[in-house]
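The following note sets out some remarks on side-chain packing and charge pairing. Please read the points alongside the model.

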Amino acid sequence: MNLLNKGMDMLKNVKTYWKQPPEGKYMSFREIMAYSVGGLGAYSVFTMAQALLLSTTNVIIGNTIGIQPMHMYVMYIISVITNIPLTMVRANMVDNVRYKEGKYRPYLLRMGIPTIAISILFVFTPYAKIGYIWRCILIFIYNFGLQFFYNFFYDAYENLIHVLSPDSQERTNTTAIKSMIYSFSPTVTNFITPIIAEKVADGNMYDLKVYQWLYPFISIIGVALIALVYARTREKIVIAKTHPMKIKFMDALREVAKNKYFWIISLAGWLGFLETCTYVILQWLYNYAHLCTPEQYSFITLIRGTAYSWGMVFAPFAIKKWGKKNVLIVTNIFNVFCLAMVYPLMGSIWTVLICMYFNSVADSFILVLNPTIQADIRDYQQYKSGERIDGMFGAVALIGSFVTMATSSVLPAVYEKYGIYSGNGYENMYDILYNLPTLYKLIGVLVILSAVGAALNVVPYFFYDLTETKQKAIIKILQIRAMFEDYGNGVLTDDDMISTMELIRDSKEKINHGKTDIKKLKHSGASKKEIKESRKQNEAYEIASAIINELEHFSTKQAAARLAWAKSVIENGIEGIADITNGEITRAYALPADTKEEKAIRRQAISDARLGVRSHKAMAKYYPNGIIIFDSDALTALYDKENELAEKKALLLKRKADKNEIKEISNEQRAVARKIKILTEEQQHFAQSTKVYTEAKKYIVQAENYAKFGELDTMYNTMQTERQNTQY
């Protein structure tokens, strides 16, 4: 009966909050469902494109098209290298290109449709009629396109959750719902693929005919559902309304490189590169050992696909109860055990299925954890740097590409050692796996490597300490910073001011309540309810402490030292940047560093001195005859003109207007785009040359805004008094 009541309450909530989010939340149920159901389309396209990307284990490129493993490895290396500048372009576009739709939504259709087109072209190319060298060239060209469009599309959909809500638990819940829904896409695809293969290719799952039947159908569903995500979601970032959403590439790169949590998560991925070695085992046991029929294998893939539902259902509850770090560690340790158990049980595809099923259960938690952790890391980045950086994380992650290039040679070497190479005496080099002793020896090695990879993967997570409490405090601090910045710029709304001032007052009250010693409380025989309530109060106390520390930041010695530096920079003016020398860095290093506070002051002074030297070098390079002030109004006018022309063209296309009229608009758009490119480059040169001045001014303005807290407090009291009088 209690379960029924909960179900009824949930349905009522869905109806009540279908279009408007619940109090304290950011996403309505309609938006959650649009993002989640749209995931069916997105992941259909992901499945399609991922099967075609160059890698050392790609069965379509290696088995079907017949590219040799070591040649695939060389092509993969070249592909990774060429992807480096493409990643930088994508990062810069996400962080700096202005679209009214937001950071990620504009790219859902812009990048999704080309991804589909390239994938279709890939599988319909008649490789049998093309020479080996030209096959390699064509595959490389297709992958060059996929590297840009697919990766951009993947990032746009996956990272969209980072900006749909600043609430970490809400992001977790939405990710779980999304994962539960989108998982039907690869599950159904994997289920019907062997059935299609049996009908059109005599059971050969690696025949291109299978994909020629499958991919057009996937494409239609993909485009329709991606459009749903675009139309029914809205991005929400906790940042001041007037805060400029533009950051120089190298500055963003430098800031992200300081993010310790980014490196912890990245290191875990790099160390666990061997973990995916077992992904081919079930398929090999079916295709080469014939341990089951095509119908049974379809059933096996369907069953394994359901394993991912467990994490999608239980991950939000587990994270809420134990936290992301603990769930990460436990599921990864469980993963090691599951993978290791494959070794003694690989004689039967059904026992291997059991092990891989529980391996997938553990992986399913990661599917929910990873996007929510990535979102938390970006919140932390904004808190530390003051800038909302998203795209540049992908650019810094390019360092991992070089790690991957080195580690990716391991698997081809293992394959070659066990006979998978051109000229091994078989028509298809992989046909050697029909030799069962060779097959089982290779599977045994892959299992061992995979278990080792999973064990290495878990180690960095022990150093991850961005707790849920810290993340909540970060979001509230960002809200406070936005209030002061908007107030200083004269755009603060009454609603934003009231909600933030109430947050501050509430924090001051919670600080007075102090913190409870949970261990003592347990020893005193307190009830579970009392302990649970005390934990909540302790969390509220920690968040309140962080908020009060933020409000009192400019009364610290560290802030006073930096304010003194900032004022000296402003007094010298922009022209004074030309007089900055390396001596500034030397003097910063000479500062005392005996206490924690002194170390913090010294660290900031070194960073500021280096910034000054970089600005000096940029000014000497771009303005050898003296600085020229950049006209930002001219660039803003061009952006407005660009948007105006885009809307005008869309209207003409909708009306099916005269082609010459549309062509005229297109020509005008290109002319505006050229002017924007020129002014954008000038803006970057000016920003780079005056960065130290800009940062100094920004810090002084922030200090001045925080000093206006008394004014805001008076305004809040007056507003509350007026409301009370109105009620009476």
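1. K515 and E542 join their side chains in a salt bridge, with N and O 3.2 Å apart; the term denotes a side-chain nitrogen of Lys or Arg within 4 Å of a carboxyl oxygen of Asp or Glu. K515 sits in the loop between helix 23 (494–513) and helix 24 (518–523) and E542 in helix 25 (residues 528–551), so the pair ties together parts 27 residues apart in sequence. Helices are DSSP runs (H or I, at least four residues), numbered from the N terminus. E542 is partly exposed, at 38% relative accessibility; buried means under 20% relative accessible area, exposed over 50%, and partly exposed in between (1.4 Å probe, protein chains only).

2. The model is predicted: local features require pLDDT of at least 70 and side-chain atom pairs 80 or more, whereas totals for chains, interfaces and linings use all residues. Residues are numbered from 1 along each chain as its sequence is written, and side-chain values use heavy atoms, without hydrogens and water.

3. In total, the structure holds 17 salt bridges. One of them pairs K324 with D376, the closest N and O atoms being 3.0 Å apart. This pair links distant parts of the chain, 52 residues apart: K324 belongs to helix 15 (residues 324–340) and D376 to helix 17 (residues 349–385). Both K324 and D376 are buried. A network of salt bridges links R171, K324, D376, D379 and E468.

4. The largest nonpolar core comprises 92 residues, such a core being a set of buried Ala, Val, Leu, Ile, Met, Phe, Trp, Tyr and Cys residues joined through side-chain atoms within 4.5 Å. Its largest share, 14 residues, comes from helix 6 (residues 132–164).

Definitions and conventions:
Helix = DSSP H or I, 4+ residues; strand = E, 2+ residues; numbered from the N terminus.
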